[in-house]
Amino acid sequence: MKKRSLLLAAAILCALSVLTACGKNYYFAGRNLPPSGVLNRVLVAVQNPSALSQGELLFDDAFYDIRHAYNNVTVNFSISGYSGKLPVSIQNMPEEQQGAVYSVGDGNLTIIDYSQEKVKSSLSSSNLGGLAQSVFISKDLNYAYAAAQSAHSLTVYDHGSTVSLNLPGVYRVSMNSGNTVVLAFVQNTNNVYSLVHLNNDQRQAAINNPNWNGAVDCEPQNLPTYCVFPVSTSNGATFDRPIKAVFSADGSTAWVLNCGPECGGTSAGVTKIPITSASLNPSGVGASGIALVATQTIAVPGGATNGVFDGNTFYVAGQAVLTPGNTYTVAGQQVQGNNLLAGYLSVINTLTGQVTGQYSISDGTHNKMILADDNTLWIGSTQCESGERYNLSQTTAPGTPFGCITMFNTANNTALVESYKGDGTGIAAVTGLHKVYTAEGGQVYIYNTSDGSARDNSNVTVTGTAYDVAYMDAGSDGNNTTY
């Protein structure tokens, strides 16, 4: 009986302990157990201007909502070896157990090894053509694409080499998950550009001809490797202040978001670009969209600056300009147009090409969107205090919520706008635990996805400015707001 009792006790102890205590070094999907032993980690990018603009990468135990081992309150969790300045975005790649953090203080892109909780490598500003407004890196880390508006360049980092192409005013870049399509956007224009890696025959044909085959630029000119081509349109499709592209889950389509009136244009909407074998360069290396043609535009009166897919349903967030002489519904109130901006979420059925619903959400520029537990979609914006909701709260409808974070229930199409805490610059969906972490007004907050209520955040607050958050242990790379 004593021997049997000892065996039972050992089995129970093994079940309750971390997996390394049972002779294993992984916890799910073949991923390595990290040094901290924490299985639900949220990475927090923190700016710290008081320390010569030095930044920090902290991480929280999202199961307990703490930043230290539950049995040792004196040890805080952080990523070792990080020295970036003013980190602003996290490109989350949990399937590869890594993330890419971009810092505007030095222009560096730092690769984080999630399994080791330390810096893996870094691309310097010189690798990316200078300070960039938009940066993406491929999952294999062999390619990176950066839009540097001040340098008027679209820069490619390709297996250690850097190629910069001349594209004045470029400020946004979008990349699909397979690294076959990379689209660039020039501010205050109605143009979309496709980056293309040339095959050997094309390289020879483009020597000293930067406008080869209708290209805007080809570089290096003595033996080009990359060209930038304008995306053409057909069937009445148009672009109107295009701002980014969102790619369908099956990879068959790029949907370009037309910012429209919110960005000084005429009509907001989304424009479809099919991605077919005929539209891809036969080289099959890196960005290949050589013959992309937009074929359809769907008008989105509520505005279009960001979007996320859930199957064939496309959720698009943006702002509408409330023009005088018209009546609008904002926060359940009937208001007259006053030239202020109002935030809306539009639901689009991409199979029928119809907008099936439009709902009032936080005002402001919507930079963050992510699907979470309990049929919820979370949306973050900046400058939400400059729109119609704030105006209502100060005039005819005191108490109108005007915060920068919205929880939208996709099952019953209802929106809950959180209280104002400052700009909503980061959202992490902690899937499986029914909560989200946010960065608002420079601080970390936590919400329940069941009802949008706030959780205790006292053990995850930061000194400095929390700017972005990401769930390091998410099930897929789709758990990402930088894409």
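Where is Ser288 placed? I looked it up in this predicted model. Ser288 lies in the loop that runs between strand S21 (269–274) and strand S22 (293–294).

**Surroundings of Ser288**

I then listed its contacts, skipping neighbours within four places in sequence.

**Confidence**

I looked at pLDDT for the chain. The mean is 93, and 93% of the residues reach 70 or more. Residues 1–24 stay under 50. For this stretch I find nine contacts beyond four places in sequence. Where pLDDT is low, the predicted coordinates should not be read in detail.

**Whole chain**

I counted three helices and 37 strands. I compared the radius of gyration with the globule rule. A compact globule of 483 residues would have a value near 23 Å, and the chain has 23 Å, so the two agree. Along the principal axes, the C-alpha atoms fill a box of roughly 80 × 65 × 45 Å.

Burial came next: 53% of the 483 residues are buried. I took the contacts with a separation of 6 or more and asked how many join residues 24 or more positions apart. The share is 51%.

**Surface and charge**

The accessible surface is about 19400 Å². Carbon and sulfur atoms hold 49% of that surface. I also noted 21 positive and 31 negative charges, with mean positions 10 Å apart.

Notes: Residues numbered from 1 in each chain as written. Predicted model: local features only at pLDDT ≥ 70, side-chain atom pairs only at ≥ 80, totals over all residues. Heavy atoms only, no water. pLDDT = per-residue confidence, 0-100. Contact = heavy atoms within 4.5 Å. Helix = DSSP H or I, 4+ residues; strand = E, 2+ residues; numbered from the N terminus. Rg over C-alpha atoms; globule rule 2.2 N^0.38 Å. Buried < 20%, exposed > 50% of the residue type's maximum accessible area, 1.4 Å probe, protein only. Areas by Shrake-Rupley, 256 points an atom, 1.4 Å probe, with all protein chains shown as cover. Lys, Arg positive; Asp, Glu negative; His and termini not counted. Charge placed at Lys NZ, Arg CZ, Asp CG, Glu CD.
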